[in-house]
Amino acid sequence: MADYTYTLLIPLIPLFVFVLLGLTGHKMKPVVSGLIGTSGLGISAILAYATAFKYFWTGHAAGTAYTSIKAFEVSWLHLTDKLTIHLGALIDPISVMMLVVITTVSLMVHIYSIGYMKGDPGFYRFFSFLSLFSFSMLGLILATNIFQMYIFWELVGVSSFLLIGYYYEKPSAVAASKKAFIVTRFADLGFLIGILMLSFNTGTFDFQTLTDPHGPAIASVGGAAFMGMSVLTWSLIFIFVGGAGKSAMFPFHIWLPDAMEGPTPVYALAAPDALHVVAWVGGFSSIFAAVIACTQTDIKRVLAFSTMSQIGYMMLALGVSGFGGEDGLGFMASNFHLFTHAMFKALLFLGAGAVIHAVHSNEITDMGGLRKHLPITHITFLIACLTIAGIPPFSGFFSKDEILAAAFHSNKFLFAIEYIVAGLTAFYMFRLYYGIFWGKNTHYHHTPHEAPRVMTIPLMILAFGSIFAGFLPFHNLVTSDGKGFESHIDWMIAIPSVLIGVIGIVIATIMYKKPTAIPDKMAGTFRNLYKWAHRKFYMDEVYLYVTRKIIFRYISVPIAWFDRHIVDGTMNGIAGMTVWAAFAVKGLQSGKLQQYAFVFVGGTVVLVLIFVYLV
Amino acid sequence: MIQNIPLSYYLVISTLMFFIGIYGFLTRRNLITMLMSVELILNSVNINFVAFNRYLYPQQLQGHFFMLIVIAVAAAEAAVAIAIIINIYRNFKSIDVENVDEMKY
């Protein structure tokens with residue numbers, strides 16, 4: 001058992017950077033604050049790589065299962081002997097993998113942001129928020145118990161709120177940050193209820209106890225029933241609601257596309273934040289989002305819906321997964337896809353940022369023919385598109401294949417959805433690609449120029465990751481029970497999926513490579529579908545209708561009336577009565593000494609008379 | 001000789017003095033006169049103390065001692081009262097109680 005206490009530094013360094021920049025950043029030169037943020041994250045990343053290397057290779061005897069190690073733990077809040085909340089760091093295959101993913105992506109985002117945010121007055125503020133975000137994510141994945149996870153979960157919510165609302169002088173950004181905050185708040189409520197139910201019934205917050213399938217914790221809740229389902233099922237559903245909200249699953253997805261108000265590099269960081277179960281929600285979300293993504297024109301929105309769709313994919317894989325050995329294929333596939341997706345989606349977002357930086361617009365209609373102006377961005381973006389479309393030998397092919405295989409072994413209907421989504425993904429990604437880099441030769445006010453070196457280098461590094469991440473022996477590293485198993489590419493599944501991807505790309509090429517009338521004709525033929533998808537299936541409107549017309553009118557308005565008239569009325573009434581009584585009696589306090597004395601004597605006389613004659 | 005005067009004589013005198021004092025306190029406007037009225041009230045009480053002591057417990061002296069305490073307290077009170085009156089005079093250029101009614105609502 002090796003010593004991993006130093007992993008504590010991985011989240012603590014960003015925290016320190018956040019405090020430092022937050023308190024003293026305004027006195028620094030922008031470049032200095034950027035360098036501090038970046039180098040802090042760089043140290044974290046190096047530590048994370050060292051941890052991963054030690055955990056998976058040098059500190060690990062070949063052929064044995066990976067164990068989870070509590071590197072550090074303190075009792076943070078000692079309420080009672082049974083109810084104690086710990087803070088600490090747990091090292092297991094997933095957390096080590098996520099450490100690598102998050103520090104890598106975050107480091108790339110930091111480097112990239114030095115270029116992207118150049119000249120922005122809030123430069124240091126952006127970097128301190130980024131550090132806070134990294135800290136929360138790292139704390140989240142290192143959590144030893146479910147309550148610590150909840151704490152960092154909320155911190156992630158706060159820091160995304162801060163980053164989305166970064167341009168706080170823009171009303172739309174403020175509205176979007178509020179929307180993100182409120183929607184995720186509802187989901188977090190579900191998460192909290194789930195945690196409380198689970199820990200109330202098991203008597204522990206600790207992950208190691210909770211996740212042991214043969215341990216007493218699971219057995220004790222399995223029996224207790226509530227409304228026809230076991231308490232365990234209920235609490236897991238609530239926790240899933242929380243996970244769905246944070247990672248923008250249906251029906252909590254509405255905040256994500258609007259959240260595009262924030263500075264672009266943030267999304268590269270926010271993308272790999274999915275954790276929990278339920279295949280159907282995942283499958284539905286993936287196809288739902290993929291259809292919407294085909295019609296959007298704001299490139300960041302396309303990427304946001306694509307993220308939603310890919311997270312749906314991972315959810316689906318988790319949902320169909322069993323536990324242990326070959327049954328855990330879905331679990332492994334989901335994590336594998338999360339890993340590769342983090343790479344290529346970060347690449348896509350950063351590439352989109354570079355494009356926006358050059359064109360000063362988010363709309364695909366304002367772009368076209370950029371391949372000559374932005375050669376590096378063009379190549380890296382193309383790599384990312386090929387990866388997400390699942391074309392071999394890019395990494396997306398491998399992870400997608402594992403997910404498809406997992407779905408194939410459990411549910412043929414979900415498997416079919418996966419194929420459709422794979423085709424749609426290829427289609428909309430290449431629609432985006434051709435729309436930006438090919439298509440019509442738009443006239444620009446000033447010639448777009450390639451992004452500076454600090455922005456293109458992260459793109460190149462991530463492109464490298466996107467190409468080669470697929471060759472990692474994931475099935476030996478991150479599995480549900482820590483034991484590796486043999487996995488091979490099932491060509492019966494892989495070949496059709498590649499073909500579907502290629503078909504999607506070919507259709508997109510025909511429709512969008514050169515400006516043609518086909519897209520408009522298609523939109524005309526399927527006018528209703530197009531309109532529905534373009535308006536995101538009216539989900540925003542449904543939410544607005546529910547909040548404005550139902551919640552506001554039938555709940556908020558009566559409550560407001562009650563508050564204004566009954567609660568405030570009672571208080572105002574008491575205050576008014578006091579004032580009235582005071583005016584009524586204030587004449588008694590005349591300040592005239594002899595008047596007081598007269599009343600005093602008169603009172604005494606009356607009392608004497610009463611006592612003498614009546615008592 | 002003194003034994004022949006009944007207790008009621010003393011009580012009538014002291015009651016008269018008491019109500020004269022009350023009347024003076026309530027009607028006079030001059031603060032000094034009001035202070036004198038208060039002294040009248042106190043002295044009527046003193047007469048009661050001494051008279052009751054003499055007629056009810058001739059062997060004991062508590063009533064006399066209490067009278068002495070009241071006189072001492074009255075002296076102290078008179079000193080404080082006069083000090084207050086002097087300050088009022090300095091502030092209001094008058095010792096008319098009608099003018100001193102600032103302490104109101």
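Tutor: A helix is a DSSP run of H or I of at least four residues, and helices are numbered from the N terminus. In this predicted model, B:Val73 is found in helix α3 of chain B.

Student: How far is B:Val73 from B:Leu42, in sequence and in space?

Tutor: The two are 31 residues apart in sequence, and their C-alpha atoms are 10.0 Å apart.

Student: What is the order of elements in chain B?

Tutor: The order from the N terminus is α-α-α, and chain B has 3 helices and 0 strands. Of its 105 residues, 9% count as buried.

Student: What stands out about the phi of B:Lys93?

Tutor: B:Lys93 is not a glycine, yet its phi is positive, about 55 degrees. The residue lies in the segment after α3 (62–92) of chain B.

Student: Which numbers of residues make up the contact between chain B and chain A?

Tutor: Chain B gives 10 residues and chain A gives 10 residues. On the side of chain B that touches chain A, 7 are nonpolar, none is polar and 3 are charged.

Student: What is chain A built from?

Tutor: Chain A has 24 helices and 4 strands. It has 615 residues, of which 50% count as buried.

Student: How do you know that the length of helix α4 of chain A agrees with its number of residues?

Tutor: The expected span is 1.5 Å times one less than the number of residues. For the 20 residues of α4(A), 123–142, that should be 28 Å; the end C-alpha atoms are 29 Å apart, which agrees.

Student: Why is α4(A) called largely enclosed by the rest of the structure?

Tutor: A residue is buried if 20 or more other C-beta atoms lie within 10 Å of its own. In α4(A), 19 of the 20 residues are buried, so the helix is largely enclosed by the rest of the structure.

Student: At what angle do α3(A) and α4(A) pack?

Tutor: Helix α3(A), residues 93–116, packs against α4(A) at about 175 degrees, and the axes are 10 Å apart. Angles over 145 degrees count as roughly antiparallel, so α3(A) is roughly antiparallel to α4(A).

Student: Which residues meet there?

Tutor: From α3(A), they include A:Leu99, A:Ile102 and A:Val109; from α4(A), they include A:Phe126, A:Leu130 and A:Leu138. The residues of this contact divide into 10 nonpolar, 5 polar and no charged.

Student: What makes β1 and β2 of chain A a pair of strands?

Tutor: Two strands pair if DSSP finds at least two bridges between them. There are 8 bridges between β1(A), residues 69–78, and β2(A), residues 84–91, so the two strands pair. The strands run antiparallel.

Student: How many residues lie between β1(A) and β2(A) in their hairpin?

Tutor: The hairpin has 5 residues between its two strands.

Student: Which residue of β2(A) stands opposite A:Val74?

Tutor: The residue opposite A:Val74 is A:Leu87.

Conventions. Residues numbered from 1 in each chain as written. Chains lettered and ligands numbered in written order. Predicted model: local features only at pLDDT ≥ 70, side-chain atom pairs only at ≥ 80, totals over all residues. Buried ≥ 20, exposed ≤ 12 C-beta atoms within 10 Å, placed from the backbone. Axes fitted to C-alpha atoms, helices over the stretch in contact; angles between N-to-C directions. Parallel < 35°, antiparallel > 145°, perpendicular 65-115°, else oblique. Contact = placed C-beta atoms within 7 Å. Nonpolar A, V, L, I, M, F, W, Y, C, P; charged D, E, K, R; others polar.
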